[in-house]
There are 2 protein chains.
Amino acid sequence: MTDETYKKFFSDDVGSFFRSPVRDIFKKVDLNAIFSFAGGYPPADAFPMEEIRQITGEVIDKYGAKCFQYGATQGVTELRQAIADRYSENIERVQITSSSQQGIDVCTRILVNPGDVVLTSNPSYLGALQSFSSYRADIVGVSHSNVLHTYEQSWRLAIEQCLKKQKHIKFLYMIPDFQNPSGETLTLEERKLLVNLAREYDFLIIEDSPYRELRYEGEAVPTMYSLAPDRVLHLGSFSKIFAPGFRLGWILGAPELLDKIYVCKQSLDLCPPIMDQYIAAEFMASGRIDRNIERNISLYRHKRDILLGLLKQYMPEEVIWTHPEGGLFLYLTLPEGFDSVAFYDKALTAGVAYVAGSFFRTDKQGKNTMRLNFSFMKEERMEPGIKLLSTLIKEQLNA
Amino acid sequence: MTDETYKKFFSDDVGSFFRSPVRDIFKKVDLNAIFSFAGGYPPADAFPMEEIRQITGEVIDKYGAKCFQYGATQGVTELRQAIADRYSENIERVQITSSSQQGIDVCTRILVNPGDVVLTSNPSYLGALQSFSSYRADIVGVSHSNVLHTYEQSWRLAIEQCLKKQKHIKFLYMIPDFQNPSGETLTLEERKLLVNLAREYDFLIIEDSPYRELRYEGEAVPTMYSLAPDRVLHLGSFSKIFAPGFRLGWILGAPELLDKIYVCKQSLDLCPPIMDQYIAAEFMASGRIDRNIERNISLYRHKRDILLGLLKQYMPEEVIWTHPEGGLFLYLTLPEGFDSVAFYDKALTAGVAYVAGSFFRTDKQGKNTMRLNFSFMKEERMEPGIKLLSTLIKEQLNA
C-alpha cells in the first residue's frame with residue numbers, strides 16, 4: 001500500500017499532529033560531536049549513577065516481586081505519599097504519570113474538544129504546543145513584551161477576543177518558574193493576576209513546573225497551585241531533579257479532576273513503570289533527592305554564570321538575552337530581521353546548535369530569537385561554542 | 001468547587017470513558033488473601049528476580065549515563081533490533097511502546113474518529129474496549145458461537161450492516177492466540193478469512209498478541225501480520241514473557257502507520273523508559289528470555305492442567321469451559337439464566353474471585369459466563385479455590 005492509501009484510515013486529529021523540530025535535530029546529529037546549546041538534557045555527570053545502582057538493589061530486596069508486577073493506576077503508594085509530603089498535600093491529590101509530558105497530554109485529553117481555547121504565553125513549551133495541537137485546540141498565545149499594554153491588559157484582551165468568538169476557554173497553560181524557553185519567572189503578582197482571571201472567566205490552569213526546584217538565586221515564589229488548589233493542575237517531573245530516563249512525573253489536583261485522569265490512564269497505559277517508581281520513592285524517602293538537587297544546583301548555576309559571562313564577552317552589542325534565576329535555558333533576542341530558522345543550517349554545518357525561538361510560538365513572530373541551553377554541554381566546551389556562535393552571528397549581521 | 005462545577009470543563013470523550021471493573025476489584029481486595037481467579041497477573045515466582053538484578057548492574061556498566069538520559073521516541077536501537085530479529089523484520093517496522101496497552105491506545109488515537117467502527121470478537125479484551133470507547137468508536141462485537149451462521153457469515157453480516165449505515169470501518173481488533181478472555185485460538189483458515197475480509201472491505205487489523213509465546217500444546221499458527229504486513233499492526237508485550245512492571249511493549253507495522261504513531265508518541269510521553277528498555281534488550285540478546293519463556297510455559301501448563309482437572313472433578317455437569325492451548329485464561333459457560341455479575345458479591349464475600357464474562361462484551365449477553373485465570377494463584381490453593389467456587393455455583397443453581 002502507498003502513503004496515499006493509508007490516508008483514509010487516519011483520524012482527524014492526525015492532520016493537526018506536528019513533529020518536534022527539536023527531536024528531529026537530535027535524530028540527525030550526535031550531540032556530543034558538536035557544540036550543542038539545543039536540547040534540554042541534563043549532562044551525564046548530573047545523574048547519581050552509583051546511588052541509583054545501589055537503590056535498585058535495595059528496592060528489589062525490599063519490595064521483591066512487587067517491583068515487576070502490575071501496579072495501581074494512580075502510582076505506587078510509597079511514591080504518591082513521598083510527593084504528597086513534599087507539598088504538604090493529601091495523597092488523594094497525587095497521580096503519578098509516565099512522564100510529565102504525559103501529564104500535559106492526559107490533562108488536555110480530558111479537557112479539550114476540537115476548537116476549545118488553550119491560553120498560553122508566547123513563547124511556550126514546544127511539547128505542550130504539540131499536545132494541544134494534536135487535540136485540535138485553538139491555541140491562543142499571549143506575548144509578554146507588548147509595549148502597548150500592561151501584562152494584565154494583554155491577557156484580558158486575548159480572553160475577551162476568545163469570548164467574542166464564542167470560544168470555550170478550557171485552561172491556561174503556564175510554566176511559571178524559569179520558563180522553557182524564555183528562562184523567565186512570573187512574579188507573585190503575575191501569578192495572582194492569572195489565578196484571578198481564571199476565577200473571573202471560569203477556566204482552569206495547568207501549571208507545568210519541571211524546573212521549580214532548580215533555583216540558583218532569589219527567593220522561591222509560591223506556586224499557582226497553592227493560590228487555587230481546586231482550579232490549578234500542577235505538573236511535576238523527575239526529569240531535571242533525578243533522571244529523565246525514568247519517565248516519571250506527577251499531577252497534583254482536585255480529586256474530581258484526578259478521577260477522570262485515573263480512568264483515562266487505565267486505557268492509556270494501565271499504570272506507570274513499577275520498579276522505576278520504587279527507585280524514585282526510595283530516592284525521595286532517603287533524602288538523597290535533596291542532596292542531588294543541591295549538587296545539580298551548584299553544577300547548573302556555575303554553567304549559567306559561565307554562559308552569561310561568555311555572551312557578554314563575545315556577542316555583538318545588538319544582541320540581548322534573559323537572566324534566568326534557575327532552570328536550564330536562556331533566551332537570546334537578535335536584531336529585528338535576523339532569521340534564526342534560516343541561519344540554523346549554517347550554524348549546524350559550522351558545528352553549533354540552538355533551537356530557533358519561533359518554534360516555541362503560536363504566531364509567526366520571534367524569528368530573531370533563539371533558545372540556549374546551559375545544562376548539557378561540558379564546561380570547557382562552552383567558550384569555543386559561544387565564540388563560534390557569536391562569530392557566525394556577527395558575520396550574518398554584517399552580510 | 002463541586003463535582004457539578006467541573007463538568008463543563010470536560011471534553012466530550014470523557015462521557016465515553018468507562019472504568020475497568022477488573023481494576024476496581026483489585027483496588028478493593030488483597031488478591032493474596034482470597035482465592036483469586038480474577039486478574040491476568042503472572043505469579044511472583046514467574047519473575048526472574050536474580051537475573052533482573054544482575055542485568056540491571058550489567059546495563060548500568062555497559063550504557064552508563066545513557067540509561068538515565070532522554071532517548072529516541074521509537075525506542076532504544078538495541079531493543080528495537082532485538083525485536084526486529086525475533087520476527088526476522090526490519091528495524092524500521094518496530095516501535096517500542098510504554099506498555100502494550102499504549103499500543104492499543106495510540107493505534108486507536110491515530111485511526112478512529114467518533115462514530116467510526118471498530119470490529120472485534122465478542123467477548124474481547126476489556127482494556128481494548130475501554131480505549132476504543134474513550135475515543136467514541138462504534139464498537140461492533142461479533143459472536144463466534146452464532147449457530148445460525150458460519151464464522152464467515154457472521155463477520156460478513158456485521159460488516160454489511162456497518163456499511164448499510166454508512167459507517168467507516170477503521171479496523172478489526174483481534175487476539176488470535178489464546179484470547180483474553182476466552183482462551184481460544186484462531187485457526188489459520190480463520191486468520192486468512194479475516195485478512196481477506198480486511199482487503200475486500202478495505203480496513204486495517206490490529207493483532208494483539210501478548211500471549212503468543214506461551215503455547216502449552218499444539219503447533220504455532222502464523223500471525224495475521226505475516227499474512228498481510230502492510231494491513232496488520234501487530235502488538236507485542238513483555239508483560240507475560242518477562243515482567244509487566246516494566247510496562248514495555250512493541251508495535252510492528254508499515255512505516256507509513258508507524259510514522260504517525262511516532263509523532264503522536266512525541267506528545268504522549270516523548271519516549272519509553274530507558275533503563276527498562278536496556279534491561280529488556282539485554283534479557284533478549286543474552287537468550288535469557290527464551291529460557292524464561294520455557295520456564296513459564298512449564299509453570300503455566302502445569303497450572304492449566306490442574307485447573308482443567310479440578311473443573312472436571314468439582315463443577316456441576318451443566319457447566320462447560322474452553323480448553324486453552326496457551327495463555328492465562330479459560331472461559332466458563334454456566335446454564336442460561338445464571339447471572340455471574342449478580343453472583344460476584346456472594347463469591348467474593350465467600351473468598352473467591354473471577355471476572356464476569358459480560359464485562360468483556362459489547363452487547364448485554366454473556367451473563368452466564370466467567371473468565372478464570374490460572375497463572376496467578378499458588379498451585380496448592382487452586383483445589384480449595386475451585387471447590388469453593390463449585391459449591392457456591394451448585395448452591396446458586398439449586399436455589
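In chain B, strand β3 (residues 117–122) runs parallel to β4(B), the two being joined over 6 bridges. Within this pair, Val117(B) sits across from Asp138(B) of β4(B). Strands here are DSSP runs (E, at least two residues; helices are H or I, at least four), numbered from the N terminus, and pairing asks for at least two DSSP bridges.

A word on the ground rules: this is a predicted model, where local features need pLDDT of at least 70, side-chain atom pairs count only at pLDDT 80 or more, and totals for chains, interfaces and linings use all residues. Residues are numbered from 1 along each chain as its sequence is written, chains are lettered from A in the order in which they are written, and side-chain values use heavy atoms, with hydrogens and water left out.

Now to where the chains meet; contact means heavy atoms within 4.5 Å, and buried area is the accessible area (1.4 Å probe) lost on putting two parts together, summed over both.

| Chain B with chain A | Value |
|---|---|
| Residues in contact, chain B | 89 residues |
| Residues in contact, chain A | 89 residues |
| Buried area | about 7700 Å² |

Carbon and sulfur atoms hold 56% of that area. The interface has 8 salt bridges (Lys or Arg side-chain nitrogen within 4 Å of an Asp or Glu carboxyl oxygen), and Asp202(A) and Lys8(B) form a salt bridge at 3.2 Å, N to O.
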